[in-house]
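Student: I am new to this structure. Please show me how to read a few of its features.

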Amino acid sequence: MLQTTSTERRAAGGDRPRSDASVKMRPTETAMTRDQAWNLLNEYTKSESLLKHALAVEAAMRHYAAHLGENVEAWGITGLIHDFDYERWPNPPDHTREGAIVLRERGVEEEIVGAILSHADWNQGEYPRDRPIRKALFAVDELCGFVTAVAYVRPEKLTGMTASSVKKKMKQKSFAAAVKREDIEKGAELLGLPLDEHIDHVIAAMQTVSSELGFG
Ligand SMILES: [Fe+2]
């Protein structure tokens, strides 16, 4: 059993009634530990920037899980490994689907596997973004990439970054052109948050792992 602190147990909402979706997975327990998730990620991923992306998305998922009273460990692991199969299977529909086969072989819970599948557009039929963990993963994925790009061009990196400076960069079409602005906006809508607030959450989450992301 995974050990968690009492703060995390409280953050995971351990004492309150669970919804149907979360009853299947006890709030303080995941079959895969964070160490196992990190090892799996490193087994499949060599790119430094992809590893950093995984750490950023992990931080954002942990942040939102705590904020929403969900399972912090499970959400964090979901973020950490959501793209673990990308280097080996970068193309749709293999990306996420090949990874899901590996995850199921290793006994990872369906709640996590389903969330990872749901972040790809091509799995929407079977794995729609219809529950908090799925909405959050989709919402933070592109935004983490964009906030990283903004941090690279700021001398202070993540320190003191504001939602308005991120939004200003979003309006510059040539800046980080590969990041889909509409997905960032769709993500905030899915979470039911104003875009500014969503960006603030993700900046705050990423600031907690600033040094791991290479921003000092
Ligand atoms: Fe991603």
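Predicted model: local features only at pLDDT ≥ 70, side-chain atom pairs only at ≥ 80, totals over all residues.

Student: Why is helix α7 described as largely enclosed by the rest of the structure?

Tutor: A residue is buried if 20 or more other C-beta atoms, placed from the backbone, lie within 10 Å of its own. Helices are DSSP runs (H or I, at least four residues), numbered from the N terminus. In α7 (residues 110-118), 7 of the 9 residues are buried, so the helix is largely enclosed. Among the buried ones are I112, V113 and L117.

Student: What covers the buried residues of α7?

Tutor: Contact means C-beta atoms, placed from the backbone, within 7 Å. The cover includes α5 (72-81), α6 (94-105) and α8 (132-152).

Student: Where is M206 placed, and which residues does M206 touch?

Tutor: M206 is in helix α11 (residues 195-207). It is buried, with 27 other C-beta atoms within 10 Å. Leaving out residues up to four places away in sequence, M206 touches A56, A59, A60, C144, V147, L158 and L213.

Student: How do α4 and α11 meet?

Tutor: Two packed helices are described by the angle between their axes and the distance between the axes. Axes are lines fitted to C-alpha atoms over the stretch in contact, with angles from 0 to 180 degrees between N-to-C directions. Here the axes of α4 (residues 48-68) and α11 come within 8 Å and cross at roughly 115°. Residues of α4 including A56, H63 and H67 meet residues of α11 including H201 and M206.

Definitions and conventions
Residues numbered from 1 in each chain as written. Buried ≥ 20, exposed ≤ 12 C-beta atoms within 10 Å, placed from the backbone. Helix = DSSP H or I, 4+ residues; strand = E, 2+ residues; numbered from the N terminus. Contact = placed C-beta atoms within 7 Å.
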